[in-house]
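Here is a quick tour of one model, written for someone who likes cut-offs spelled out. Have a look at the sequence and the coordinates first, then read on.

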Amino acid sequence: MSMKRRDFLRNSVAAGAGMALSLNFEGLQAALNSNRIAVEEAPDLVAVMGGEPDVMLDRALEALGGIGKYVKQGQKVVIKPNIGWDRSPELAGNTNPELVKALVKKCLAAGAQKVTVFDHTCDDWQKCYTSSGIEAAVKAAGGVIVPANDERYYSKEITLSQGVTLKKAKIHEALADADVWFNVPILKNHGGAKLSGAMKNYMGIVWDRRIFHSSGLQQCIADICTWTKKPTLNIVDAYRIMHQNGPQGKSAADVTTVKSLIVSADIVAADTAAVRFFNQVKKLDIKAVGHIGIGESLKLGTTDLDKLDIKRIKI
């Protein structure tokens, strides 16, 4: 079911703050049943709610025209999740491994020559890859997971002609060589950036991140997203949301289960929708997430979801 020129999400009350819980989607379902319009072409953004990661991915890709629309026979594919922290999946510090596993399988089934997964982690990379469950998930699906902990993996220096503060960066070789890449972050609280989503996930593709923290984090996040090699899709994992103490989290009390997925080629729209989802759990003014507005000013996408065709799917 599709709607446009409507509020993307309506706030719902999340009871039991500080505890893992599942949201009530009755209000969202009511919105789905009114003011429907037919959408002849694929929607600009898909939001899926209420399923397991693999099922929600299936439904989202089906609505967008199928994985074959994005991955062709013989292509080299990169999937870039968040694997930054030595945390188990239940603590929501990293992208859900079941989502990554399902996407690897789909890319290979579409004829990808190779599917590579990596992230420039913050904690010890081997511990992050193991604790997150992502290394095992990738291998089980037939993909290849590679390190990103050494400068030798960042042989490609790119120029960011649109960048305001960040003018160049060294990019991981796997991504530089890829034909297609998918940006697959987890949605969570972040102390510095205020929200970690699709745009923030780009920090894991570069080697030297010191300038991000010394010269304006919000601007530099937007700047790196101006790289001309865009992800074919931004797939925002909101199965579990870390609503406080991000980006690492401290315990399960920081996590809320919302069982949702946001998918769009428009990175600004994806993060705008992510803020709406996050607001179901904890209030956050989108203006505080400065890189989203900056990204829009750099013409990376739109925050005006009313102008988009959005398909909402309730499982």
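## Around Asn149

Leaving aside neighbours within four places in sequence, Asn149 is in contact (heavy atoms within 4.5 Å) with Trp125 and Trp207. Asn149 sits in the loop between β5 (144-145) and β6 (156-159); strands here are DSSP runs of E with at least two residues, helices are runs of H or I with at least four, and both are numbered from the N terminus. Trp125 is 24 residues away from Asn149 along the chain, yet their C-alpha atoms are separated by 6.7 Å. With a relative accessible area of 37%, Asn149 is partly exposed. On this scale, buried means under 20% relative accessible area, exposed means over 50%, and partly exposed is in between (1.4 Å probe, protein chains only).

## Where the numbers come from

This is a predicted model, so local features need pLDDT of at least 70 and side-chain atom pairs count only at pLDDT 80 or more, while totals for chains, interfaces and linings use all residues. Residues are numbered from 1 along each chain as its sequence is written, and side-chain values use heavy atoms, with hydrogens and water left out.

How far apart are the end C-alpha atoms of helix α9? They are 16 Å apart, which agrees with the 16 Å that its 12 residues (267-278) should span at 1.5 Å a residue; the expected span is 1.5 Å times one less than the number of residues. At the start of α9, a side-chain oxygen of Asp266 comes to within 3.0 Å of the backbone nitrogen of Val268.

α9 is mostly covered, with 11 of its 12 residues buried. In soluble globular proteins, nonpolar side chains tend to be buried together. In this model the largest nonpolar core has 97 residues, of which Phe182, Ile224 and Ile235 touch the most other members. The largest share of this core, 9 residues, comes from α9. A nonpolar core here is a set of buried Ala, Val, Leu, Ile, Met, Phe, Trp, Tyr and Cys residues joined through side-chain atoms within 4.5 Å. Beyond its neighbours within four places in sequence, Ile235 has contacts that include Leu57, Leu99, Leu103, Phe182 and Leu261.

## Salt bridges

The count comes to 8 salt bridges, each being a side-chain nitrogen of Lys or Arg within 4 Å of a carboxyl oxygen of Asp or Glu. One of them joins Lys259 and Glu52, with the closest N and O atoms 3.4 Å apart. That pair links distant parts of the chain, 207 residues apart: Lys259 is in strand β12 (residues 255-264), and Glu52 is in the loop between β2 (45-49) and α2 (53-64). Lys259 is partly exposed at 25% relative accessible area, and Glu52 is partly exposed at 36%.

Asp119 and Lys80 also meet in a salt bridge, at 2.9 Å from N to O. Asp119 and Lys80 are both buried. Lys170 pairs with Glu151, the closest N and O atoms being 2.8 Å apart. Lys170 is in strand β7 (residues 168-171), while Glu151 is in the loop between β5 and β6.

## Cysteines

How many disulfides are there? The count is 0, with a disulfide taken as a pair of cysteine sulfur atoms within 2.5 Å. For Cys128, the nearest cysteine sulfur is that of Cys122, 7.5 Å away. Cys128 is buried at 0% relative accessibility, and Cys107 is buried at 0%.

Methods:
A polar contact is a pair of N or O atoms within 3.5 Å; within protein, one must be able to donate a hydrogen and the other to accept it, and residues adjacent in sequence count only if both atoms are side-chain atoms.
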